[in-house]
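Subject: Structure handover

Hello,

Here is the structure for you to look through. Please open it beside this email.

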Amino acid sequence: AIQQVMKSREILGISNPQTLAHVLTAGVQSSLNDPRLVISYEPSTLDTSQQASAFTNLTHKELLVQLQQNIHHEVLEGDVGYLRVDDIPGQEELSELGGFLVDQVWKQLLGTSALVLDLRHCTGGRVSGIPYVISYLHPGNTVVHVDTIYDRPSNTTTEIWTLPKVLGERYSAEKDVVVLTSGRTGGVAEDIAYILKQMRRAIVVGERTEGGALDLQKLRIGQSNFFLTVPVSRSLGPLGGGGQTWEGSGVLPCVGTPAEHALEKALAILTLRRALPGVVLRLQEALRDYYTLVDRVPALLRHLASMDFSAVVSEEDLVTKLNAGLQTVSEDPRLLVRAAPPREPSSGPEAGTDDALAAAPEVPSSEAAREALVDSVFQVSVLPGNVGYLRFDRFADASVIRTL
């Protein structure tokens with residue numbers, strides 16, 4: 001495509017370097033359908049080798065300050081741990097400051113009932129930090145191959161595995177993890193969100209991620225002030241299946257919602273999931289105590305005890321899953337679970353009365369009102385051939401019938 005444009009010589013007539021950069025960028029991106037390729041004109045940009053070495057020259061104190069700026073944590077209402085990471089640290093940082101992170105951050109979150117990992121503001125980081133983040137959320141000491149990274153400049157591949165041991169403790173596999181994402185979540189942060197989603201270790205909530213690259217490098221074009229920003233490595237993740245990864249397309253959240261509402265949505269999901277064991281227990285008790293087909297109860301109870309609720313993120317999900325399971329096992333379409341709308345708190349002597357009793361109709365005192373009630377319940381007429389026709393759409397309580 002570049003050669004074709006050069007032959008036409010039209011592009012050589014562009015005198016403004018910024019305009020030329022925009023034209024080249026549009027041409028390259030449209031030719032490859034890859035928005036990650038950018039050509040820029042930056043006469044004041046420092047040499048890229050100096051930029052690359054800036055990080056490695058940081059002192060211990062400077063590394064600590066940078067880490068504290070990029071990592072925030074607290075315990076939210078409901079005993080939910082919240083960890084916001086704005087830049088994924090690499091192996092060098094974690095090797096030097098891992099003890100600090102475990103003592104000052106991780107230990108405060110270990111005892112929480114669930115964890116929210118906020119990557120909405122994380123635009124990248126170091127590839128070497130991926131196994132550390134995944135390993136602290138990975139449920140066991142068995143190592144798992146989670147990704148393979150291909151590096152174009154060196155023409156090498158590197159396998160990413162979870163760590164056999166971690167400093168401190170891992171987060172319990174029995175606890176839920178939610179990852180928050182936005183359209184700005186990019187690079188290494190996307191890979192982490194993708195891996196945790198594919199491992200079914202986390203529920204991703206928020207927006208589709210950027211669809212960036214693990215390593216974007218800015219390369220000077222010849223001796224000019226033009227630069228090419230280009231992805232130089234890519235994920236070949238074994239968890240993707242069929243070679244499919246998040247690059248270019250982004251990570252699709254399990255629950256889509258605007259980034260600014262993602263935390264609120266995550267907390268609502270965690271509230272629902274905290275209630276799941278109680279809901280299942282009460283359902284088991286109701287089946288055991290009331291279901292008339294007694295011979296089918298043991299199978300239903302076993303099924304409920306073994307159900308996987310890891311993908312349930314809403315009341316609708318729960319109702320659909322329970323109904324499908326109960327009706328399949330019992331072969332009884334009458335078994336039906338519904339999500340009741342929240343009720344207003346009642347007061348007075350009738351508070352706590354069973355819904356069916358509380359909803360019992362009252363018989364009107366006036367004769368006209370009684371006749372209207374009868375007319376609304378019973379439809380009476382004489383059909384051709386002197387055939388009597390009586391229709392009623394509900395059975396009233398015996399006391400009401402006697403009164404009427």
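Below are notes on a helix pair, a pocket, a salt bridge and a strand residue.

This is a predicted model: local features need pLDDT of at least 70, side-chain atom pairs count only at pLDDT 80 or more, and totals for chains, interfaces and linings use all residues. Residues are numbered from 1 along each chain as its sequence is written, and side-chain values use heavy atoms, without hydrogens and water.

**Helix pair.** Helices (H or I, at least four residues) and strands (E, at least two) are DSSP runs, numbered from the N terminus. The axes of helix 8 (residues 262–290) and helix 9 (residues 297–306) come within 10 Å and cross at roughly 175 degrees. Axes are lines fitted to C-alpha atoms, for helices over the stretch in contact, and angles run from 0 to 180 degrees between N-to-C directions. The two helices are therefore roughly antiparallel (over 145 degrees). Contact means heavy atoms within 4.5 Å. Helix 8 makes this contact with Val 280, Leu 283, Gln 284, Leu 287 and Arg 288. Helix 9 uses Val 297, Leu 300, Leu 301, Leu 304 and Ala 305.

**Pocket.** A pocket is an open set of points on a 1 Å grid over the protein atoms alone, where a 1.4 Å probe fits, with protein on both sides within 12 Å along at least five of seven lines; lining residues have an atom within 4 Å of a point. Of the 19 residues lining the second largest pocket, the closest to its centre are Val 279, Leu 283, Leu 336, Val 337 and Arg 338. Helix 8 gives the largest share of the lining, eight residues.

**Salt bridge.** The structure holds 11 salt bridges (a side-chain nitrogen of Lys or Arg within 4 Å of a carboxyl oxygen of Asp or Glu). One joins Glu 247 and Arg 36 (3.0 Å, N to O). Glu 247 lies in the loop between strands 10 and 11, and Arg 36 in the loop between helix 2 and strand 1, so the pair ties together parts 211 residues apart in sequence.

**Strand residue.** Thr 157 lies in strand 6 (residues 156–161). Its C-alpha atom is 9.1 Å from that of Leu 236, 79 residues away along the chain.

Best wishes

Technical notes:
Parallel < 35°, antiparallel > 145°, perpendicular 65-115°, else oblique.
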